[in-house]
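Here is a protein model to read through by question and answer. Each answer sets a value beside the rule that gives it a name.

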Amino acid sequence: MKDLRLLVRPNIWRLEPYSSARDEYSGHEAHVFLDANECPYNAPYNRYPDPLQREVKQLVSDVKGIAPEHIFLGNGSDEAIDLIFRVFCVPGRDNVVAIDPTYGMYSVCAAINDVEYRRVRLDERFQFSADALLEAASQNTKAIFLCSPNNPTGNDLDRDEMMRLVEKFDGMVVVDEAYADFSAQRSMRDEVPGHPNLIVLNTLSKAWGSAGIRMGIAYASVPVIELFSKVKYPYNLSALSQEKAKEILSRRYDVAHWVKLILTERSRLIEAFRQLPVCRTIFPTAANFFLARMTDAQAIYDYLVEEGIIVRNRSRVTLCENCLRVTIGTPEENSQLLAALRKYPNT
């Protein structure tokens with residue numbers, strides 16, 4: 001990869017980060033806090049939370065098998081995605097490359113940060129070519145975005161091809177693994193310590209059942225993590241979010257059970273969908289959802305809304321014409337969906 005200093009925005013490299021009161025005495029024990037202009041009453045919520053989330057990072061480290069210094073915690077994965085643009089991309093000059101279709105926040109963050117967003121269409125199997133992404137890149141391409149399992153298609157991207165991209169591209173490669181807990185493919189997180197241009201994203205929102213606490217994870221080299229920490233807002237995760245994160249991270253066996261139930265229900269739901277006259281194709285999935293091509297996705301979506309059942313119509317997304325994306329729910333929720341579809345007027 002290029003020297004990190006050549007990839008980072010010059011103003012970010014020179015930035016003197018905000019020094020919070022909790023940072024300045026780090027490494028010392030204290031019991032009287034008169035430094036941060038906090039109210040002395042209403043403990044413990046009168047105190048600012050740990051700006052570096054050390055306890056949570058240690059738990060993530062224990063669960064995921066990667067050292068805490070390689071971990072960044074953000075307000076959802078979206079914060080880490082936005083930080084990639086803010087740290088590396090000069091507005092109005094730089095660009096990023098991404099597969100298409102994929103998660104929509106990459107292009108939204110690009111637009112917000114005034115960064116050109118270059119799309120490279122996946123093939124008919126929803127797979128990508130490292131060479132095609134590299135061909136779309138220029139000297140001002142700072143990052144390439146991948147999502148595996150991909151959203152909205154659900155499939156794992158080819159791991160060997162992802163590694164080829166990491167090894168050949170001289171900028172940052174971002175692999176979003178929000179759904180990796182449902183996949184049998186080995187995580188790209190394992191490659192982070194040996195590849196300084198690799199950033200892997202994860203979240204507590206999916207398998208860990210904690211979308212409401214808004215905690216995303218980025219794994220990267222120590223210098224990149226330090227840059228993220230330098231640019232983020234000082235107290236980006238509340239004390240409440242950190243407490244709930246510690247609680248769910250201590251329940252890994254419950255989470256493993258939930259994943260097993262979801263995968264069992266996924267198989268049941270997909271098999272039942274294949275029997276529906278309104279379903280044309282079910283695409284391979286390694287996530288907690290699947291993509292189905294229907295006879296008339298909009299009409300079926302509207303019908304389900306009337307029945308009080310919400311799925312996602314992805315018909316306007318590249319390669320997803322007439323497709324519904326269906327998240328795996330509880331057995332009862334999945335059965336309600338199937339019962340409604342079996343009564344659909346055209347069946």
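Q: Where is Pro101 found?
A: Pro101 is in the loop between strand E2 (95–100) and helix H6 (105–112). Helices (H or I, at least four residues) and strands (E, at least two) are DSSP runs, numbered from the N terminus. The model is predicted: local features need pLDDT of at least 70, side-chain atom pairs count only at pLDDT 80 or more, and totals for chains, interfaces and linings use all residues. Residues are numbered from 1 along each chain as its sequence is written, and side-chain values use heavy atoms, with hydrogens and water left out.

Q: What kind of peptide bond joins Asp100 and Pro101?
A: The bond is cis, with omega about 10 degrees. A cis peptide bond also joins Ser148 and Pro149, where omega is about -5 degrees. Pro149 lies in the loop between strand E4 (141–147) and helix H8 (159–168). Most peptide bonds are trans.

Q: Why is Gln53 called buried?
A: Buried means under 20% relative accessible area, exposed over 50%, and partly exposed in between (1.4 Å probe, protein chains only). Gln53 has a relative accessible area of 1%, so Gln53 is buried. Gln53 is in the loop between helix H3 (21–24) and H4. Its phi is near 50 degrees, a positive value in a residue other than glycine.

Q: Why is Leu319 classed as it is by relative accessibility?
A: The value for Leu319 is 29%, so Leu319 counts as partly exposed. Leu319 also has a positive phi, of about 70 degrees, although it is not a glycine. Leu319 is found in the loop between strand E10 (312–313) and strand E11 (323–327).

Q: Why is Ser187 called buried, and with which residues is Ser187 in contact?
A: Ser187 has 10% relative accessibility and therefore counts as buried. Contact means heavy atoms within 4.5 Å. Leaving aside neighbours within four places in sequence, Ser187 is in contact with Arg159 and Glu177. Ser187 sits in the loop between strand E5 (172–176) and strand E6 (198–203).

Q: What makes Leu337 a buried residue?
A: Its relative accessibility is 4%, so Leu337 counts as buried. Leu337 is in helix H13 (residues 331–342). Beyond neighbours within four places in sequence, its contacts include Leu269, Phe273 and Ile309. Leu337 and Ile309 are 28 residues apart along the chain, and their C-alpha atoms are separated by 6.8 Å.

Q: How do you know on which side of H10 its buried residues lie?
A: The buried residues of helix H10 (residues 239–249) are Ser241, Gln242, Ala245, Lys246, Ile248 and Leu249. They cover an arc of only 170 degrees around the axis, which puts them on the same side of H10. The arc is that of the directions from the helix axis to the C-beta atoms. These residues pack against helix H4 (54–64), strand E7 (215–219) and helix H11 (252–274).

Q: Why is the protein called as compact as a globular protein of its length?
A: The protein has 13 helices and eleven strands. Its radius of gyration is 22 Å, close to the 20 Å that the globule rule gives for 347 residues, so the protein is as compact as a globular protein of that length. The radius is taken over C-alpha atoms, and the rule is 2.2 Å times the number of residues to the power 0.38. Buried residues make up 53% of the 347 residues.
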